[in-house]
Amino acid sequence: MCGIVGYIGNAPEEHLLHGLEVLEYRGYDSAGIAVIHHGKMSIYKEIGRVANLKGKVIETEEFGAGIAHTRWATHGKVSLQNAHPQLSQNKDIAVVHNGIIENYNLLKEQLLKNGVKFDGDTDSEVIAKLFKDNLSIQTLKEVIDRLEGSYATLVVSKNENRIYFARNKLPLYLTKTSQSIILASDPMCFINQSKDYYDIGDGEYGYADLNSIKIYKNDQCVRKKKNKISFNIKTLANKEFNHYMLKEIYQSKDALINILENYKKKKIIKILNHIASIDTDKIYLIGCGTAYHAGLIGKTYLKKYLKKEVECVLASEFIYQNNIITNKTLCIFISQSGETADTILALKHSQKFGAKTVCITNVTYSSLATLADFTLPIYAGVERAVASTKAYFAQCIILYILARKMAGRRYLANIKKFLHEIDFSDDSLIQKLATMIYSKREIFFIGKSVDFITCEEASLKLKEISYINSQAFACGELKHGTLALIDNKKLIIVIATQSQLLNKVLSSASEIKSRGGQLVLFTPLSLTPQIKKIFKVIIPIKQAEEDFMPLQTILPLQKLAYFTAVKKGNDPDMPRNLAKSVTVE
Ligand code: G6P
């Protein structure tokens, strides 16, 4: 993970800090900057958010060059020593790095034997210490030739206003304006600065200054085409809401409107037709975290409409499972960011066996989108909060569209109808429930069939931002172990949206009630007074067509996670230990 940015031009501190703010979704354990003015290098580092660093940096209007980093710790605890930039032995060269150097232990041992001293415990420091006293394209090449693993790295020396860079497996982009050079992990950093950019490829390295940009691969100069900046940063401002997460839950509706608008366009219909024409005997849905849960929902659509073999697999497990992949396999990769390392690895693996690949993503310039045979955009707009909400909603809708399209059925009218049925539930009811649960150490969710998938997603949301241990169970599984955990301190959230399964769900609820557990119900179904008595709280959900009920139901549950986190005093947008874009395996 981690975000890196480099800048050459006037007021480098301001630009680097701005870049770090844009990249903070990639990690926020610590942040740091190295800036060079007139042959002198200044280093600033702080633990925690970029805002902490901002207060410490002395900003200048002067011309200079610099590199910056926002960290998600992989090797070495969160400390100033482990914050980047990392310095060479003579402190003249500074390095920022995103990725993992897998052979760092070996390299470190060799360096230690040669008398090199280390300041911290990161793998990244090895890169800095491999530079002796001079930085040039040759020494950069010599260093990267010794690295195994993944990296996007920027290197500066106090002796020149030039940034050296190298990339292997992790994103790195570069742009030049009339007065500046910018390098970053995400071209979002270039918005309002430039109209186009270069995508640095795997194995490429080089340098950039105001006079020239040189990019090499295997010692050969590479000529690259520019990409246009066709995305915007509109949704980055957050005025009306206290947190991005709440805003983004409400933006699920905007995503639906965007999907309706774009999924009738020729360009998208052409892609859908291509996918529908693929001769396939097996479909895999692959993703991580929330995107995996969207895959589980997608699986229910594909099985219902296509009646084909469909499996949904965690991306981090996919390549280790001896999955049967042939040229008749269709692999659908789901990823908000399109940069999740495990998902990218799974895609490359499936392509080796000749599978056709589709990527469902929010970021159409991402690595996943570039690698996949077909890309289906989700049009959710920038998602900032670490816990994915609107992207989940939009991913499920795209999977619905894909399943219907592959089965030769229409989809737009049903989605349009759902647009008018979307209901975000009453905030005050959910806030009351949040007050009931925020001091609990443990919460369980139970449901049956598709409601069990909603339980899994609701449980993930709750634990990731409230830090309450929560677990989801299929109703029928309770008696096979989980009931042993029930006592009168336990609170269980029941999700029941399918009338045909209500009696079975109620049986499970009664078994819990008999053992003292407190029950909360989320349901669109009307209940008799006798049934209502089983539950301490009932949150009504507005009925929608069966296929869309998982989406209607997740909205109040996302809000429950949000209000619980806020009640606990947590930052729901940036939960501890996590990052939005998970670019390491
Ligand atoms: C992180 C985020 C989750 C997200 C998952 C997969 O863990 O916190 O919200 O679901 O990554 O990310 P992707 O970008 O591949 O959807």
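Predicted model: local features only at pLDDT ≥ 70, side-chain atom pairs only at ≥ 80, totals over all residues.
**Exercise 1. Helix α1 against the strands**

Compare the span of helix α1 (residues 12-23) with its expected value, and determine which elements its buried residues pack against.

*Solution.* 

Step 1. The helix has 12 residues. The expected span is 1.5 Å times one less than the number of residues, which gives the 16 Å stated for α1. From first C-alpha to last, α1 reaches 16 Å, close to that expectation.

Step 2. List the buried positions: Pro12, Glu13, Leu16, Leu17, Gly19, Leu20, Val22 and Leu23.

Step 3. Identify the partners. The buried residues of α1 pack against the strands β1 (3-10), β2 (30-37) and β4 (63-71), and also against helix α2 (50-54).

**Exercise 2. Strand β21 and a crossover**

Determine how strand β21 (residues 442-447) pairs with β22 and β23, and state the handedness of the β-α-β crossover from β21 to β22.

*Solution.* 

Step 1. Of the 6 residues of β21, 5 are buried, so the strand is largely enclosed by the rest of the structure.

Step 2. Pair β21 with β22 (residues 469-474). The two strands run parallel and are joined by 6 bridges. Phenylalanine 445 has alanine 472 in β22 as its bridge partner.

Step 3. Pair β21 with β23 (residues 491-495). This pairing is also parallel, over 5 bridges. The bridge partner of glycine 447 in β23 is isoleucine 495.

**Exercise 3. Aromatic pairs**

Classify the ring pair of phenylalanine 418 and phenylalanine 548 and that of tyrosine 562 and phenylalanine 563.

*Solution.* 

Step 1. A pair of aromatic rings is described by the distance of the centres and the angle of the planes. The structure holds 16 aromatic pairs.

Step 2. Classify the first pair. The ring centres of phenylalanine 418 and phenylalanine 548 are 4.7 Å apart and the planes stand at 5 degrees, so this pair is stacked.

Step 3. Locate this pair. Phenylalanine 418 belongs to helix α14 (residues 412-421), whereas phenylalanine 548 is in the loop between β25 (537-540) and α19 (549-567). They are 130 residues apart, and the pair thus links distant parts of the chain. Both phenylalanine 418 and phenylalanine 548 are buried.

Step 4. Classify the second pair. Tyrosine 562 and phenylalanine 563 have a centre-to-centre distance of 5.2 Å and 70 degrees between their planes, an edge-to-face arrangement. Tyrosine 562 is buried at 4% relative accessibility, and phenylalanine 563 is buried at 8%.

Step 5. Tyr301, Tyr305, Phe393, Tyr400, Phe418 and Phe548 are linked into a cluster by ring pairs.

Step 6. The charged end of arginine 404 sits over the ring of tyrosine 305, at 4.9 Å from its centre. Elsewhere, arginine 576 lies over the face of tyrosine 467, 4.0 Å from the ring centre.

**Exercise 4. Backbone particulars**

Which peptide bond is cis, with omega near 0 degrees? Describe also the positive phi values of lysine 169 and lysine 307.

*Solution.* 

Step 1. The bond from histidine 84 to proline 85 is cis. Proline 85 lies in the loop between β4 and β5 (86-87).

Step 2. Lysine 169 has phi near 75 degrees and is placed in the loop between β8 (163-168) and β9 (173-176). Its relative accessibility of 42% makes lysine 169 partly exposed.

Step 3. Lysine 307 has phi of about 55 degrees and is placed in the loop between α9 (289-306) and β17 (309-314). At 67% relative accessibility, lysine 307 counts as exposed.

Conventions
Residues numbered from 1 in each chain as written. Heavy atoms only, no water. Helix = DSSP H or I, 4+ residues; strand = E, 2+ residues; numbered from the N terminus. Buried < 20%, exposed > 50% of the residue type's maximum accessible area, 1.4 Å probe, protein only. Contact = heavy atoms within 4.5 Å. Phe/Tyr/Trp six-rings, centres within 6.5 Å; stacked < 30°, edge-to-face > 60°. Lys NZ or Arg CZ within 6 Å of the ring centre and 35° of its normal. Pairing = 2+ DSSP bridges. Right-handed = clockwise from strand over helix to strand, strands pointing away.
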